[in-house]
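Dear colleague,

I am passing on the structure we spoke about, together with some notes on what turned up when I went through it. Please keep it open beside this message as you read.

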Amino acid sequence: MNDVNKVSASAGAQWLLDGFATLRKAPLGLGLLGVIYGALALAASLTVSKPGVFLALEVLMLLLGPLLMGGFVFAVRSVEEGGTAVPAHLLEGFQHGRAGRLLATLLPNIAALLVCVLLLFVMVGPAALTEMAKAVEQAGAQASPDPALFASLPLGRLMLWLVLVVLIGITASFFTFVAIPEIMFGPTGAFAAMGRSFRACVRNLPALIVFLVLAFIAIVAIYVVVMIVGVVVKLVAGEMAMQVVTQLLAMAVLMPVLIGSIYSAWRQMLAGSAASPVNAGIEA
C-alpha cells in the first residue's frame, strides 16, 4: 500500500470539519448544487404512484448519481482553490471521457446487492421468505398484529443475514469512498481508482471509523434542525410543502459537507501530502 498515505485516526474528524469549512466558503453556490441534486431525487420520489415511471426515474437517478457526484467534487475543488461553484460544474462528470469510468463505480454496489440477495435465499430459503411475506401481509391487516404470526419464522438466520448485509455494504463502500475524486482529477482508470480507494480505506480504517461515527451524528443533528423548519412550513403551507422544503434544505447542507469531506479525505490519503490541506494529519 505504498501508494496510499497513512493518516492518524483524528484525520477522520478533520475530514468532516473540512466539509463544513468548504460549505462556509461558498454556501450559496454549493447550496444551490445541493438543491439541484435534491430536486432531481425529489422529482423521482413524487412519481411513486406510477410504478413504471417511478422505476424508470429511479434507475436514471442511479446512473446519474456518480456523474453528478463527480461534478460536485469538481465544484468543491474550485471553491477550495479560491473559485466559485456554479451549476455547470455538475456536468463535469460527463466530460473528458470521465462518464464511463464514473459509471463503473456502481459495480461494487451492484455486486454487493447480488451477493446479499443470493445469501438471503441460501440462508433463509424461498419457503421461509414466502411465509414471511404472508405474515407481514396479515400483520398489516390487523390493528394489533399477533406476535404468533412471526413465531415460526427463522428470525435468527434473518438477523445474521442483516449483519452480513451491513458488513458487505461497508466493504463495497471502501471501493468507492474516494474513487470519484481519483477519477475526476487524474487519468486513473475506474478499476485502478477503486483499488486505490479500497487500499486507502483499509490502511486508514481508524480514521474512516472516526469519520463515519461523527458524520452519522452530524447528519442526525442536521436532520433534526431541518425537520423543525419543516414542521413550521407544514403549519403554514401544508404537507407537500414540508416534504419539498425538508428535502431541498437537507441536500443543500449535506451534499456540500459530505462531498467536501470526501475531497479532503482523498487529498490526505491519495493526492499526496503536498496537496493535503491538513498536512499534520499525515503520518510518516
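At 1.5 Å a residue, the 15 residues of helix 1 (residues 11-25) should span 21 Å, and because its end C-alpha atoms are 21 Å apart, the two values agree; the expected span is 1.5 Å times one less than the number of residues. Helices (H or I, at least four residues) and strands (E, at least two) are DSSP runs, numbered from the N terminus. This is a predicted model, in which local features need pLDDT of at least 70 and side-chain atom pairs count only at pLDDT 80 or more, whereas totals for chains, interfaces and linings use all residues. Residues are numbered from 1 along each chain as its sequence is written, and side-chain values use heavy atoms, with hydrogens and water left out.

The buried residues of helix 1 are Ala11, Gly12, Trp15, Leu16, Asp18, Gly19, Thr22 and Leu23, where buried means under 20% relative accessible area, exposed over 50%, and partly exposed in between (1.4 Å probe, protein chains only). They lie on the same side of helix 1 because they cover an arc of only 155° around the axis, the arc being that of the directions from the helix axis to the C-beta atoms. An α-helix has 3.6 residues a turn, so residues three or four places apart point the same way. On the face of helix 1 turned away from this buried side are the exposed residues Leu17, Arg24 and Lys25. The cover over the buried residues of helix 1 includes strand 1 (6-7), helix 2 (27-45), helix 3 (51-80), helix 10 (205-237) and helix 11 (239-269), contact meaning heavy atoms within 4.5 Å.

**Helix 2 and the cores**

Helix 2 has 19 residues and reaches 26 Å from its first C-alpha to its last, close to the 27 Å expected at 1.5 Å a residue. Its buried residues are Gly29, Leu30, Gly31, Leu33, Gly34, Tyr37, Gly38, Leu42 and Ala44, and these pack against helix 1, helix 3 and helix 11. Leaving aside neighbours within four places in sequence, leucine 30 is in contact with Thr22, Leu23, Phe72, Ala75, Val76, Val79, Ala85 and Pro256.

The largest nonpolar core has 55 residues, and those with the most contacts inside it are Trp15, Leu30, Phe72, Phe177, Val178 and Met269; such a core is a set of buried Ala, Val, Leu, Ile, Met, Phe, Trp, Tyr and Cys residues joined through side-chain atoms within 4.5 Å. The elements that give two or more residues to this core are helix 1, helix 2, helix 3, helix 8 (179-184), helix 9 (190-203), helix 10 and helix 11, with helix 11 giving the most, at 11 residues. Apart from this core lies another, of 14 residues, among them Met123, Leu153, Trp161 and Ala172.

**Individual residues**

Arginine 196 lies in helix 9 and is buried, with a relative accessible area of 16%. Its side chain makes a polar contact with the side chain of glutamate 182 (2.5 Å), a polar contact being a pair of N or O atoms within 3.5 Å, of which, within protein, one must be able to donate a hydrogen and the other to accept it, and residues adjacent in sequence count only if both atoms are side-chain atoms.

Two histidines belong to the loop between helix 3 and helix 4 (99-103). Histidine 89 counts as buried at 11% relative accessibility, whereas histidine 96 counts as exposed at 63%. Phi of histidine 96 is near 60°, a positive value in a residue other than glycine.

**The chain and its confidence**

The chain has 11 helices and two strands, and of its 284 residues 43% count as buried. The mean pLDDT is 87, and 90% of the residues reach 70 or more, pLDDT being the predictor's confidence in each residue, from 0 to 100. Among the elements, strand 2 (residues 282-283) has the lowest mean pLDDT (40) and helix 1 the highest (96). Over residues 273-284 pLDDT stays under 50. Where pLDDT is low, the predicted coordinates should not be read in detail.

With best wishes
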